[in-house]
Amino acid sequence: MMPTTELQRWLQLTLSYAFNTARLKTLLLHAGSIESLQQLTPSTYLSLGLPAELWDVLARWQQGVVDVAVLRLVDAVLQWSAKPSHAVICLGTSDYPELLATCIDPPPQLFVRGDVSLLQLPQIAIVGSRKPTADGRRHARNFAGALVKRGYQITSGLALGIDAESHRGALEHGGKTIAVLGTGLANIYPPTHDTLADQIAEHGALVSELPPQAGPDPWHFPERNRIISGLSHGVLVVEAAERSGSLITARLAAEQGREVFAIPGSINNPMARGCHRLIRQGAKLIEKADEIFEELPALVAWEQQRTVNAPATKPQTASKPRSRAALPDSASTVLPHIGYDPVTLDALVLHSGQAVTDLLPCLLQLELSGHIEMQEHGYVLSGKG
């Protein structure tokens, strides 16, 4: 975790909401630490391609000039984080989920209640309608149970319907589950899920990018969907109408390079239409959990091995950019096909001759080691180092 003094300074910047998440990531990747960010010069700032009008905001922060309302909010967050099983993990630190950090706009910090270490483990998101059919509820529980038995953590959004059934299915089968909220963690929504939230915090983790007291503003929920997909290796849509938040999550997952799975249903069921639409767009049609395992085994095996080989105690230092590591063995068949113009996963499959299940672990390792970057339209060579 970031030391309290550095965390305080970081929150004074990020909770001012002057910089969006992508701009904060740009600043942090360049500076490498809060201390270095405080020494950033105007010329270096402008060379990063960031808006000139925001330099004044950063300059005031460097001088310790922070709005009173922001100072009060930061103090409230620090008091919240001092409670047992509460934590704030910041972008660039060793506790921040590596898979989420590779996204274009990762949250500058995550507020967590529960087991922080679960965020680094292999996750599958299960999402769907807030008003599912009886079959949809049963599918959500059954798939969650089957997935946790194979070592996955179940990630969802604590909403009514499929989200809640997915969390309950994971818990009923002795697994771990992660709920990403569209509110602050001190303001559970919907309120009827208070008990479920407590169970998840005890046997998993509650996560939000919002300060603890933040309320259920409508725009918070689409925003949190990118975290649900960003934490996960794949997203399973159980039931969804043609216009739904679940389809937003699926779209974000595809843009982030994650696998998208959908369960088909009756043509007479309006809650199946969203899944059918996803399947027509290329999502994997799933009828049983084994079909998910067939798509992801190589990636998950790599992730589990990385976790096993990780040091027992991680250095608790300020944010630092990840340095380039040695090339993975399989990189020689992948890197020649990646340049400075975005190339899609489908194109890499075609040109490299490798299966998706072999490509994904290699691409993720190349991304985490700083050799390539994933952008909105595909993979490109990193300009760093």
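Which residue lies over the face of Phe-293, and at what distance from the ring centre? Select Arg-150 and Phe-293: Arg-150 is the one, at 3.8 Å from the ring centre. A charge counts as sitting over a ring if NZ of Lys or CZ of Arg is within 6 Å of the ring centre and within 35 degrees of the ring normal. Now pick Arg-9 and Trp-61, where Arg-9 lies over the ring face at 4.4 Å from the centre.

**Before going further**

You are looking at a predicted model, in which local features need pLDDT of at least 70 and side-chain atom pairs count only at pLDDT 80 or more, while totals for chains, interfaces and linings use all residues. Residues are numbered from 1 along each chain as its sequence is written, and side-chain values use heavy atoms, with hydrogens and water left out.

**The whole chain**

Switch to a cartoon view. The protein has 17 helices and 11 strands; helices (H or I, at least four residues) and strands (E, at least two) are DSSP runs, numbered from the N terminus. Of the 385 residues, 53% are buried, where buried means under 20% relative accessible area, exposed over 50% and partly exposed in between (1.4 Å probe, protein chains only). A contact is a pair of residues with heavy atoms within 4.5 Å. Among contacts between residues at least 6 apart in sequence, 73% join residues at least 24 apart.

**The cores**

Next, select Tyr-45, Leu-58, Leu-110 and Leu-206. These touch the most other members of the largest nonpolar core, which has 73 residues. Such a core is a set of buried Ala, Val, Leu, Ile, Met, Phe, Trp, Tyr and Cys residues joined through side-chain atoms within 4.5 Å. Helix H6 (residues 68–81) gives the most to this core, with five residues. A second, separate core has 20 residues, including Ile-126, Ala-144, Ile-154 and Ala-170.

Zoom in on Leu-110. Beyond its neighbours within four places in sequence, its contacts include Ala-87, Val-88, Ile-89, Tyr-96, Leu-119 and Ile-227.

**Aromatic pairs**

Rings of Phe, Tyr and Trp (its six-membered ring) pair if their centres lie within 6.5 Å; planes under 30 degrees apart count as stacked, over 60 as edge-to-face and the rest as tilted. By this rule there are four aromatic pairs. Show Trp-80 and Phe-111, an edge-to-face pair with 6.1 Å centre to centre and 80° between the planes. Trp-80 lies in helix H6 and Phe-111 in strand E2 (residues 109–114), so the pair ties together parts that are 31 residues apart in sequence. Both Trp-80 and Phe-111 are buried.

Then move to Tyr-189 and Phe-221, a tilted pair with 5.8 Å centre to centre and 55° between the planes. Tyr-189 lies in the loop between strand E5 (177–180) and helix H10 (194–203), and Phe-221 in helix H11, so this pair ties together parts that are 32 residues apart in sequence. Tyr-189 is partly exposed, with a relative accessible area of 39%, whereas Phe-221, at 15%, counts as buried.

**Gln-123**

Is Gln-123 buried or exposed? Gln-123 has a relative accessible area of 0%, so this residue is buried. Gln-123 is found in strand E3. Draw a C-alpha to C-alpha distance from Gln-123 to Gly-151: the two are 8.8 Å apart in space and 28 residues apart in sequence. Not counting residues up to four places away in sequence, Gln-123 touches Tyr-152, Gln-153, Ile-178 and His-233, among others.

**Helix H12 and the spaces**

Now colour H12 (residues 245–255), whose buried residues are Ser-246, Leu-247, Thr-249, Ala-250, Leu-252 and Ala-253. They pack against strand E3 (123–127), helix H11 (220–231), strand E7 (234–237), strand E8 (259–262) and helix H13 (273–280). After H12 comes Gly-257, with a positive phi, near 80°.

On a 1 Å grid over the protein atoms alone, a cavity is a set of points where a 1.4 Å probe fits but cannot get out, and a pocket is an open set with protein on both sides within 12 Å along at least five of seven lines; lining residues have an atom within 4 Å of a point. Grid points are joined across faces, edges and corners, and a volume is the space filled by probe spheres set on the points.

The largest pocket holds about 770 Å³ of space. Its lining has 27 residues, with Ala-254, Glu-255, Gly-257, Arg-258 and Val-260 closest to its centre. H12 gives the largest share of this lining, six residues.

The largest cavity has a volume of about 120 Å³. Of its 14 lining residues, Leu-99, Gly-257, Arg-258, Leu-360 and Leu-364 lie nearest its centre. Helix H17 (residues 356–368) gives the most to that lining, with four residues.
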